[in-house]
Structure formats: C-alpha cells, structure tokens
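Have the structure open as you read.

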Amino acid sequence: MTEAARDPQGPVLIGQSGTAQGSRWPLTEAETVIGRDVDCQVVIPDRQISRRHARIRRKADGYWIEDLGSKNGTHVNGAVVSAQVQLQDGDLIQIALAAKLVFIGLDATVPLGSDEAAAHDLGLLRLDRAAHRLWVGESELDPPLSPQQFRLLELLYLNPTRIVTREEIVEIVWQESLGSGVSEQAIDALVRRLRERLSEHGPGVTFIETVRGLGFRLKAIS
C-alpha cells in the first residue's frame with residue numbers, strides 16, 4: 001500500500017471548527033458521548049455545548065447519532081437530529097453552534113498520527129490532513145472536498161514527484177469496493193470533479209496532470 005494507508009482503528013471524528021478544530025477521536029467504543037463533561041469520550045469545553053450533548057452508537061449496520069436533549073441542538077449536514085440518524089462517510093456533525101465534526105467512516109484514508117499529519121505545502125496548495133482542510137493560495141476551499149475527492153488529493157499530495165496509477169487510486173479511494181470493480185469512467189469523473197473544485201480558486205490553472213496510459217500526477221504551482 002502507499003503512504004495514504006487506512007486507519008486500523010476504523011471510523012473517526014475530526015474537528016473542523018471551534019476548540020475542536022484539528023482534534024481527532026477514533027470511535028473505538030460501543031458508545032461515544034460528545035459533550036462538555038470531562039467524563040465524555042469527546043470533550044468540547046464550550047458553554048454552548050451541554051454536559052452530555054449527543055451520543056454515537058455502534059450497531060451491526062453502522063454508526064448512529066442521537067441528541068441527548070441538549071439545549072442548543074445537534075445537526076447532521078444541516079438537518080436537526082430529532083431521532084437517531086445513521087452516519088455516512090463524510091457527514092458533517094454540528095454540535096450547537098460551537099463545533100463542527102466530520103465523520104470519517106470505516107476504511108477511510110486518514111492521518112496515522114505521524115509528522116505527516118501536519119499541514120503540508122505544495123506551491124499554491126496547502127493541505128491539512130489532520131483537519132481535512134485545503135487552501136488554494138490564500139483561500140480555504142469552502143465547502144470542503146467530499147471524502148472521495150479528499151482521499152484522491154491526499155494520495156496525489158503525498159506522492160508529488162511520481163505518477164499515481166489508476167490501480168492505486170482505486171485501492172485508496174474505493175477501498176470498500178475492492179474486488180467489485182471500479183470503471184475507468186468513475187475514476188475520470190472523480191478527477192474531473194476534483195479539478196473543478198481546485199479551479200474555483202485558481203482559474204486557468206491545472207493542478208492535476210493526466211499522463212496518458214499511466215495515471216495522474218500533481219503539479220507544484222507557485
């Protein structure tokens with residue numbers, strides 16, 4: 001496997017705003033409580049957050065989140081959590097107005113806690129792997145990249161001097177589909193969407209090169 005390896009601990013929450021920004025919590029227990037209380041598994045010390053605000057439960061069919069009667073509410077992708085909601089890879093969880101957490105599902109490509117988890121700089125592109133954030137020039141990409149787009153960019157970003165093959169892209173981006181086949185069209189469509197997102201802040205600049213018959217390569221542009 002390449003450097004962008006799967007996390008053996010499975011799903012994680014990654015903080016994207018507030019005091020939680022950049023923090024990372026592996027969901028290794030059957031229940032994970034999010035709140036202000038120090039006894040919670042995910043502690044966010046903000047007065048807008050209830051002592052026991054929300055809970056994520058691991059079930060046979062996946063991970064589910066529920067609000068625990070909090071004062072300021074819990075949202076998933078902008079929708080109020082009024083009953084249990086099953087989490088999907090890349091879901092944005094908002095805890096009151098104080099913190100945003102991204103749910104990264106099983107087999108997702110995530111930082112493994114090494115020095116490479118810090119922000120990297122590649123010309124106009126700067127990637128913070130731990131927080132799943134990207135800057136093009138001086139501007140942060142908003143809304144963030146989708147989970148598949150981020151995995152592809154991370155793979156290219158960690159291998160800036162060589163061509164990344166289509167097989168490697170399938171291994172990292174579509175880990176859950178290994179053995180079932182991923183079409184050439186699906187890979188090309190993902191590369192195209194990622195190029196479009198990057199061009200929002202760098203119009204006319206092509207960050208991703210297609211090397212015909214071999215794969216793709218990320219260009220360092222300054």
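## The aromatic pair

The count here comes to 1 aromatic pair, where rings of Phe, Tyr and Trp (its six-membered ring) pair if their centres lie within 6.5 Å. The rings of Tyr63 and Phe103 have centres 5.9 Å apart and planes at 50 degrees, so this pair is tilted; planes under 30 degrees apart would count as stacked and over 60 as edge-to-face, with the rest tilted.

Tyr63 sits in strand E6 (residues 62–67) and Phe103 in strand E11 (residues 99–104), so the pair ties together parts that are 40 residues apart in sequence. Strands (E, at least two residues) and helices (H or I, at least four) are DSSP runs, numbered from the N terminus. Both Tyr63 and Phe103 are buried, meaning under 20% relative accessible area, with exposed over 50% and partly exposed in between (1.4 Å probe, protein chains only).

## About the model

This is a predicted model: local features need pLDDT of at least 70 and side-chain atom pairs count only at pLDDT 80 or more, while totals for chains, interfaces and linings use all residues. Residues are numbered from 1 along each chain as its sequence is written, and side-chain values use heavy atoms, leaving out hydrogens and water.

## H1 against H2

Helix H1 (residues 147–157) is mostly covered, with 9 of its 11 residues buried; among them are Phe150, Leu156 and Tyr157. H1 packs on helix H2 (residues 166–173) at about 130 degrees, with the axes 9 Å apart. Axes are lines fitted to C-alpha atoms, for helices over the stretch in contact, and angles run from 0 to 180 degrees between N-to-C directions. The two helices are therefore oblique to each other: under 35 degrees is roughly parallel, over 145 roughly antiparallel, 65 to 115 roughly perpendicular, and the rest oblique.

On the H1 side, Gln148, Arg151, Leu152 and Leu155 meet Glu168, Ile169, Ile172 and Val173 of H2, with contact meaning heavy atoms within 4.5 Å. Also in H2 is Glu171, which at 22% relative accessibility counts as partly exposed.

## H1 against H3

H1 also packs with helix H3 (residues 184–199), at about 85 degrees and with axes 10 Å apart, so H1 and H3 are roughly perpendicular. Gln148, Gln149, Leu152 and Leu153 of H1 make this contact with Leu190, Val191, Arg193, Leu194 and Arg197 of H3.
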